[in-house]
Amino acid sequence: MIRQEDKDFITQAFQRLKERGWFPEQEFEHSSITEEEIAAFEQQHQVTLPSLYKAFLTSYRLPWTEQNEICAIIRRWDELSPLWLMLDSPETMTQVSEWMEILQEIRDFCELPDDCFRNLIPIGDWGAGWGPLCIDLSRPEDNVDIENRDTWSLVWFDHEDFDWDEQYLDDSDGLLHGQSAAPDLKTLIEWYFCGSVEKAYEEETSEKPTYKWYMATRRH
């Protein structure tokens with residue numbers, strides 16, 4: 001069941017993203033993913049997805065491609081700074097399953113224990129190329145403490161470093177826990193869709209983040 005407040009939040013977030021200038025002259029397509037498909041996915045993988053993520057999956061799809069780069073001012077440690085993000089916008093839940101299988105291939109490569117990825121749902125690429133961004137289902141959003149990064153439910157894994165057994169594997173629960181990215185999905189969307197900390201950044205630096213300004217920071 002998707003909470004109505006989550007549906008409303010996601011709809012408003014997409015509107016705000018357009019208002020801020022992203023995807024000019026493009027329209028957001030309505031998602032074809034249904035709650036029934038999500039329920040089947042949850043049953044297949046024996047997981048329960050957060051209501052807000054379900055609302056995101058069933059709302060709209062970002063234009064252009066399945067993976068879309070956007071930039072925002074975010075809070076990284078004690079600093080405000082821009083960071084690019086590649087956010088997955090799947091057409092079907094089968095695609096989400098396929099992204100999960102890619103993680104399983106990494107498990108085999110790193111000779112990690114079975115089921116150590118069962119808590120991770122890939123949703124994009126942190127830094128738009130740094131490594132997979134995941135929801136860590138073992139860290140409930142209701143238990144997130146902004147001051148305690150070990151409770152944050154969005155994590156990422158460095159794709160250039162495959163000592164995952166040493167860096168990310170927790171012997172106490174047998175699960176992989178990545179580096180902290182954002183407290184939760186709502187915060188991520190507030191940063192990237194709504195520009196929630198842009199005003200603070202402008203006051204701190206006298207630079208006004210705009211779509212044009214972000215594009216000028218883009219590096220490939």
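Modeller: One term first: a crossing is left-handed if the near helix is turned anticlockwise from the far one by less than a right angle, and right-handed if clockwise. Bear in mind that the model is predicted.

Colleague: With that term in hand, in which sense does H1 pass H6, left-handed or right-handed?

Modeller: Helix H1 covers residues 4-19, and helix H6 covers 185-192. Their axes are 9 Å apart where the two helices pack. The crossing of H1 over H6 is left-handed.

Colleague: Are H1 and H6 roughly parallel or roughly antiparallel?

Modeller: The angle between the two helices is about 25 degrees. Angles under 35 degrees count as roughly parallel. H1 and H6 are therefore roughly parallel.

Colleague: Which residues make the contact between H1 and H6?

Modeller: H1 contributes Phe-9, Ile-10, Ala-13 and Leu-17. From H6 come Lys-186, Ile-189, Glu-190 and Tyr-192.

Colleague: Which side chain of opposite charge is nearest to Asp-184?

Modeller: Asp-184 sits in the loop between strand E10 (179-182) and H6. Apart from neighbours within four places in sequence, its contacts are Glu-141, Ser-153 and Leu-154. Asp-184 is buried and has no salt bridge. At 7.6 Å, the nearest side chain of opposite charge is that of Lys-186.

Colleague: Is Trp-126 buried or exposed?

Modeller: Trp-126 belongs to strand E5, residues 120-126. Leaving out residues up to four places away in sequence, Trp-126 touches several residues, including Trp-84, Trp-156, Trp-191 and Tyr-192. Its relative accessibility is 3%, and the limit for buried is under 20%. Trp-126 therefore counts as buried.

Colleague: How far apart in space are Trp-126 and Phe-28?

Modeller: In sequence, Trp-126 and Phe-28 are 98 residues apart. Taken from C-alpha to C-alpha, the spacing of Trp-126 and Phe-28 is 22 Å.

Colleague: What is the phi of Ala-128?

Modeller: Ala-128 is in the loop between E5 and strand E6 (131-136). With a relative accessible area of 22%, Ala-128 is partly exposed. Most residues other than glycine have a negative phi. Ala-128 has a positive phi, near 50 degrees.

Colleague: And what is the phi of Ser-206?

Modeller: Ser-206 lies in the loop between helix H7 (198-205) and helix H8 (211-217). Its relative accessibility is 68%, so Ser-206 counts as exposed. The phi of Ser-206 is positive, near 70 degrees.

Notes. Residues numbered from 1 in each chain as written. Predicted model: local features only at pLDDT ≥ 70, side-chain atom pairs only at ≥ 80, totals over all residues. Heavy atoms only, no water. Helix = DSSP H or I, 4+ residues; strand = E, 2+ residues; numbered from the N terminus. Buried < 20%, exposed > 50% of the residue type's maximum accessible area, 1.4 Å probe, protein only. Lys, Arg positive; Asp, Glu negative; His and termini not counted. Salt bridge = Lys/Arg side-chain N within 4 Å of Asp/Glu carboxyl O. Contact = heavy atoms within 4.5 Å. Axes fitted to C-alpha atoms, helices over the stretch in contact; angles between N-to-C directions. Parallel < 35°, antiparallel > 145°, perpendicular 65-115°, else oblique.
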